[in-house]
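Dear colleague,

The structure we spoke about is below, and my notes on it follow. Please read them with the model open.

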Amino acid sequence: MSKISRRKLITTGIAATAGAAGLGVAARLAQKYGLVPPDHGGIYGLGETLTYASQRLLTRHSLAREFSRSQISDRPFPNEVETPSDEFKRLQSGRFADWRFSVNGMVARPASFSLDQLKSYPSHTQITMLQCEEGWSYIAEWIGVPLSHVLDVVGVLPQARYVVYFSIEPDTWESIDMADALHPQTFLTYGMNGGDLPVGHGGPLRLRLPRQVGYKNVKFLTHLTVTDSLKGFGKGLGGASPEGGYAWYAGI
Amino acid sequence: MWYHSRVSDSAYIAGGASALPAAVPTVIPTKTVTSRHSVLVRVTHWITTLCFFALLVSGAEIVISHPRFYWGETGNDLTPTLFKLPIPASRNLVPTGYKFTLPDANGWSRYLHFQAAWVVILTGLLYVISILFNGYLRNDLLPSKSDLSWRAVSTVISGHLRFHRPSEAEAWSYNVLQRLSYLFVIFVLFPLVIWTGLAMSPAFVSAVPAAVNLLGGQQSARTLHFFVSLALVLFLLVHIVMVWRAGFRSRMRAMITGTMITGTMIAGRATTLGEGTTASATMERT
């Protein structure tokens with residue numbers, strides 16, 4: 001009996017040490033390769049980190065499914081939007097001619113763009129699905145300029161790790177890693193289904209991120225900051241959603 | 001092998017025959033402690049139980065935010081449904097017919113759902129890989145050829161229909177219906193619920209589009225996920241009823257401590273040998 005216990009004790013000890021060392025190494029590597037999300041703390045940190053790390057490894061370059069024109073939804077659901085602020089109404093009455101989208105942070109040439117300037121860049125379209133975390137969805141044609149194009153214009157510095165983006169609505173901001181920021185389907189979207197992007201769907205400017213669910217697709221975009229750390233923004237969790245209890249990474 | 005049910009060395013006999021007066025029938029209460037479930041089976045069983053409830057509660061919470069179901073790729077508040085659940089929603093734009101909205105709980109529900117999914121998937125992988133190699137799958141889960149005959153299956157079914165208590169032999173080994181149910185849950189329902197779940201992830205299907213295309217679309221995947229979850233809940237209910245009928249305390253003991261206290265095998269022999277045999281015993285059900 002005691003012989004078995006001793007052998008068991010030794011093997012269990014070795015296994016536990018190897019396991020702990022393995023976890024330590026895994027954590028180091030995950031940190032190094034940017035596989036740890038900003039909301040990794042707390043009781044749901046384990047699941048959140050596993051989801052983000054595995055999906056980032058699996059989907060770094062994969063493209064969201066694109067659909068045929070015939071699959072575009074007749075009735076895209078715009079969801080609820082806050083009553084527009086006076087500032088928004090003023091810009092809307094001027095047909096958004098004065099709307100500005102500014103980019104700063106870790107960039108060589110900080111800049112502020114009008115909608116016309118954004119529209120002067122090569123326009124791209126995608127027919128992709130917008131999925132809400134609640135469970136509903138629709139397919140639309142989205143027209144815009146890939147965010148990567150604008151990031152090239154301003155010259156992102158090599159140490160950049162995230163982009164943080166802000167809506168004209170108060171307390172509405174999110175962030176994504178550079179894999180998503182530079183992804184070819186991440187659009188600064190100004191058009192939908194052949195026309196201007198309706199206000200209900202986030203017009204005049206919305207970040208379109210088809211590989212993540214709706215709440216990361218921020219409406220009424222006014223500002224973007226390139227950064228190497230999310231610590232200086234709000235509570236450091238990387239967005240209004242994680243501060244409100246929703247996951248930072250929303251690819252699922 | 002270590003995972004087999006066996007009479008352990010710690011079997012003991014309570015009471016002494018010599019102490020009994022000759023007039024009293026020499027029935028000796030005997031308790032036999034036997035091992036039933038391995039550590040692997042017990043630990044994975046209870047981790048799975050915990051995750052199952054976490055997934056069920058958080059899944060129900062997520063459904064409450066949009067209790068409408070569709071078929072195909074898309075569906076929303078403006079489109080026709082496949083069916084609706086007659087419950088209020090946690091979002092005020094969902095046309096439910098109720099005049100009130102429940103509180104939003106999707107934040108923690110989604111966090112908990114995916115975390116529990118990770119834990120149960122890793123636990124399930126450990127379980128499946130282990131039983132493939134340690135013989136448990138072959139010996140304890142796969143039915144033998146003779147058990148798969150209609151006669152054998154109908155015996156088990158008619159026993160259930162007559163509300164027979166399970167025989168003591170079934171405390172030691174699963175009958176053919178149990179084996180088929182467990183195999184169906186492990187190798188059909190669990191893989192299906194994981195597949196239909198992943199098919200709803202926009203990032204996952206960007207890498208593996210076939211996962212959703214084969215199911216007929218993202219909303220089809222969501223609807224199927226709901227029905228497979230219902231099937232798993234149905235299994236859970238039947239499982240609990242069966243455990244109750246077989247003897248809740250003894251089965252819980254077996255799944256917690258790994259041992260059973262039983263002795264019917266000796267008692268069965270006692271009935272054939274009749275009273276007065278030293279080996280005879282009455283069993284205490286524990």
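Strand β4 (residues 137-146) of chain A is joined to β7(A) by five bridges, and the two run antiparallel. Within this pairing A:V145 lies opposite A:L188 of β7(A). Here strands (E, at least two residues) and helices (H or I, at least four) are DSSP runs numbered from the N terminus, and two strands pair if DSSP finds at least two bridges between them.

Before the rest, the conventions. The model is predicted, so to speak of local features pLDDT must be at least 70, side-chain atom pairs count only at pLDDT 80 or more, and totals for chains, interfaces and linings use all residues. Residues are numbered from 1 along each chain as its sequence is written, while chains are lettered from A and ligands numbered from 1 in the order in which they are written.

Strand β7 of chain A

β7(A) covers residues 187-192, and five of its six residues are buried, so the strand is largely enclosed by the rest of the structure. A residue is called buried if 20 or more other C-beta atoms lie within 10 Å of its own, exposed if 12 or fewer, and partly exposed in between, with C-beta atoms placed from the backbone. β7(A) also pairs with strand β9 (residues 206-208) of chain A, in the antiparallel sense and over three bridges; A:F187 has A:R208 as its bridge partner there. Two further bridges connect β7(A) to strand β8 (residues 195-196) of chain A, again antiparallel, with A:M192 partnered by A:G195. β7(A) and β8(A) make a hairpin with two residues between them, and A:N193 in the turn has a positive phi of about 50 degrees.

The five-stranded sheet of chain A

An open sheet in chain A has five strands in the order β2-β1-β10-β5-β6, with mixed pairing. Its edge strands are β2 (111-114) and β6 (173-177), each of which pairs on one side only. From one strand to the next the twist averages 20 degrees.

β1 (residues 100-105) and β10 (residues 221-227) of chain A run parallel and are joined by four bridges. A:N104 is opposite A:T225 of β10(A). On β10(A), A:T225 also stands opposite A:V164, and six bridges join β5(A) to β10(A) in an antiparallel arrangement.

In β5(A) (residues 162-167), six of the six residues are buried, so this strand is largely enclosed by the rest of the structure. A:Y162, A:V164 and A:F166 point one way from β5(A), A:V163, A:Y165 and A:S167 point the other way, and all are buried. In a regular strand the side chains alternate between the two faces of the sheet. β5(A) and β6(A) run antiparallel with five bridges between them, and A:Y165 has A:E174 as its partner in β6(A). These two strands form a hairpin with five residues between them, where A:D171 in the turn has a positive phi of about 55 degrees.

Helices of chain B

Helices α6 (residues 176-198) and α9 of chain B pack at an angle of about 150 degrees, with their axes 9 Å apart. Axes are lines fitted to C-alpha atoms, for helices over the stretch in contact, and angles run from 0 to 180 degrees between N-to-C directions. α6(B) and α9(B) are therefore roughly antiparallel to each other (angles under 35 degrees count as roughly parallel, over 145 as roughly antiparallel, 65 to 115 as roughly perpendicular and the rest as oblique). The residues of this contact divide into ten nonpolar, five polar and no charged. Contact requires C-beta atoms, placed from the backbone, within 7 Å; Ala, Val, Leu, Ile, Met, Phe, Trp, Tyr, Cys and Pro count as nonpolar, Asp, Glu, Lys and Arg as charged, and the others, Gly among them, as polar.

Helix α1 (residues 39-64) of chain B packs on α9(B) at an angle of about 140 degrees, with the axes 13 Å apart. α1(B) and α9(B) are therefore oblique to each other.

The contact between the chains

The contact takes 37 residues from chain A and 32 residues from chain B. On the chain B side, α2 (106-134), α7 (202-207) and α9 (218-257) each supply at least two residues. α2(B) gives the most, with nine residues. By class, the chain B side has 14 nonpolar, 13 polar and five charged residues.

Regards

Methods
Contact = placed C-beta atoms within 7 Å.
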